[in-house]
Amino acid sequence: MYNYKIFFFLIFYFTIFNKVFGQQMFDYQFIGVLTLDNDPNLLITYELGFNEVDGKILGYSLTDLGGLHETKNIIEGVYDKELRKMSFEEKELLYTKSNYEEKAFCFVNFEGNLKLQDNISKLQGAFKSFYLDKKNCLNGQLKLINKGRLEKIVAKVDKKIQKSKKVDQETKNSLSASKMLNELRINKLSKNENLTLFSNSDTVEISFWDNGKEDGDKINVFQDGKLILLNYVVKKDKNHIIVKLREGANIFKLVALNEGEFSPNTPRIELIDDNKIFTLQSDLMKHESSSITILKK
């Protein structure tokens, strides 16, 4: 029987929920873990989202969710409805929080059984992975369950916690799985954290805004050490900036000048690169900073 306790454990110890490739939502989403043949006790969180049209699959994968090496890829694959077989490959690196070079990343290739019409389905099987030069990397097992199934499990657990008379209200609030999932829907950039994006564009549009109540969050933004936003007070309306990219690394540093009325400093950030949209949120205390590196290929 599939071990649902693993997924509840992951809810509280990894950030494993609902990130999207651009602003597009996907018909099918699965969440779970990768295990490696050379270290089966190591659990690496993994999320998969995709659409299927006429047997063709297009979507994203997300590895090490919320971890130091969180990485997102475009996936492409095929689905055979009659045989209920699915295969996909990670094709293009979208972003990573890891400091490794692109040539050091392993790209997952998977083939297994799946009934897409079943919204409580699970996806399990062996995978292989390859470096950019197609040399073999790591092999292991993929174990995922449908997002809708996970939501039901979380809701049941949350309901039991909230009904318990042995748990005080403050603890109940801190252990609310539903609340936690809502908070984890946005990719957060914390102190000294860097997110690396990969681009083929000459320009990128960057927007800053306050997604909640305006509370006076103030920031400075630098591009390669040059100040491009000075003492900017984050508002409800988006502030759009078109920036030119040079070959190689383009580093954008965001510095929190205060914590506003409600700590911490949390401006929402959106980057538009051709047809790809990346949305994230800075999560900083006064004088702390985070950065985004755009590598122009």
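A residue counts as buried when its relative accessible area is under 20%, as exposed when that area is over 50%, and as partly exposed in between. The exercises below apply to a predicted model.

**Exercise 1. Overall make-up of the chain**

Task: State how many helices and strands the chain has, what percentage of its residues is buried, and what share of the contacts between residues at least 6 apart in sequence joins residues at least 24 apart.

Solution. Begin with the secondary structure, which comes to four helices and 18 strands. Next, take burial: of the 297 residues in the chain, 46% are buried. Finally, consider the contacts between residues at least 6 apart in sequence, among which 61% join residues at least 24 apart.

**Exercise 2. Three leucine and serine positions**

Task: Decide whether Leu 230, Leu 284 and Ser 201 are buried or exposed, and describe the surroundings of each residue.

Solution. Step one concerns Leu 230, which belongs to strand β13, residues 226-233. Its relative accessible area is 55%, and Leu 230 is therefore exposed, since the cut-off for that class is over 50%. Leaving aside neighbours within four places in sequence, Leu 230 is in contact with Ile 219 and Asn 220. Asn 220 lies 10 residues away from Leu 230 in sequence, while the C-alpha atoms of the two are 5.0 Å apart.

Step two concerns Leu 284, which sits in the loop between β17 (276-282) and β18. Here the relative accessible area is 0%, so that Leu 284 falls under the 20% limit and is buried. Not counting residues up to four places away in sequence, Leu 284 touches several residues, including Leu 189, Lys 191, Leu 254, Pro 264 and Ser 290. Val 255 and Leu 284 are 29 residues apart in sequence, with a C-alpha to C-alpha distance of 8.2 Å.

Step three concerns Ser 201, located in the loop that runs between β10 (194-199) and β11 (203-209). With a relative accessible area of 6%, Ser 201 is buried. The side chain of Ser 201 makes a polar contact of 2.9 Å with the side chain of Asp 274. Apart from residues up to four places away in sequence, Ser 201 touches Leu 245, Asp 273, Asp 274 and Lys 296.

**Exercise 3. The enclosed cavities**

Task: Count the cavities of 30 Å³ or more, and work out which elements and residue classes line them.

Solution. The count comes to two cavities of 30 Å³ or more. The largest cavity has a volume of about 80 Å³, and its lining includes Leu 189, Ile 206, Phe 208, Lys 253, Ser 290 and Ile 292. At least two lining residues come from each of β11, β15 (248-256), β16 (268-273) and β18 (289-296). By class, this lining has nine nonpolar, two polar and one charged residues.

The second largest cavity has a volume of about 40 Å³. Its lining is formed by Leu 197, Phe 198, Ser 199, Val 204, Leu 271, Asp 273, Phe 278 and Ile 294. Six of the lining residues are nonpolar, one is polar and one is charged.

**Exercise 4. The largest pocket**

Task: Find how much space lies in the largest pocket, which residues lie nearest its centre, and which element gives the most to its lining.

Solution. About 540 Å³ of space lies in the largest pocket. Of the 24 residues that line this pocket, Ile 44, Thr 63, His 69, Phe 105 and Cys 106 lie nearest its centre. Elements giving two or more residues to the lining are β1 (28-36), β2 (39-53), β4 (71-80), β5 (85-96), β6 (107-113) and β7 (122-130). β2 gives the most, with four residues. The classes of the lining are 15 nonpolar, seven polar and two charged.

Methods. Residues are numbered from 1 along each chain as its sequence is written. This is a predicted model: local features need pLDDT of at least 70, side-chain atom pairs count only at pLDDT 80 or more; totals for chains, interfaces and linings use all residues. Side-chain values use heavy atoms; hydrogens and water are left out. Buried means under 20% relative accessible area, exposed over 50%, partly exposed in between (1.4 Å probe, protein chains only). A polar contact is a pair of N or O atoms within 3.5 Å; within protein, one must be able to donate a hydrogen and the other to accept it, and residues adjacent in sequence count only if both atoms are side-chain atoms. Contact means heavy atoms within 4.5 Å. On a 1 Å grid over the protein atoms alone, a cavity is a set of points where a 1.4 Å probe fits but cannot get out, and a pocket is an open set with protein on both sides within 12 Å along at least five of seven lines; lining residues have an atom within 4 Å of a point. Grid points are joined across faces, edges and corners, and a volume is the space filled by probe spheres set on the points. Ala, Val, Leu, Ile, Met, Phe, Trp, Tyr, Cys and Pro count as nonpolar, Asp, Glu, Lys and Arg as charged, and the others, Gly among them, as polar.
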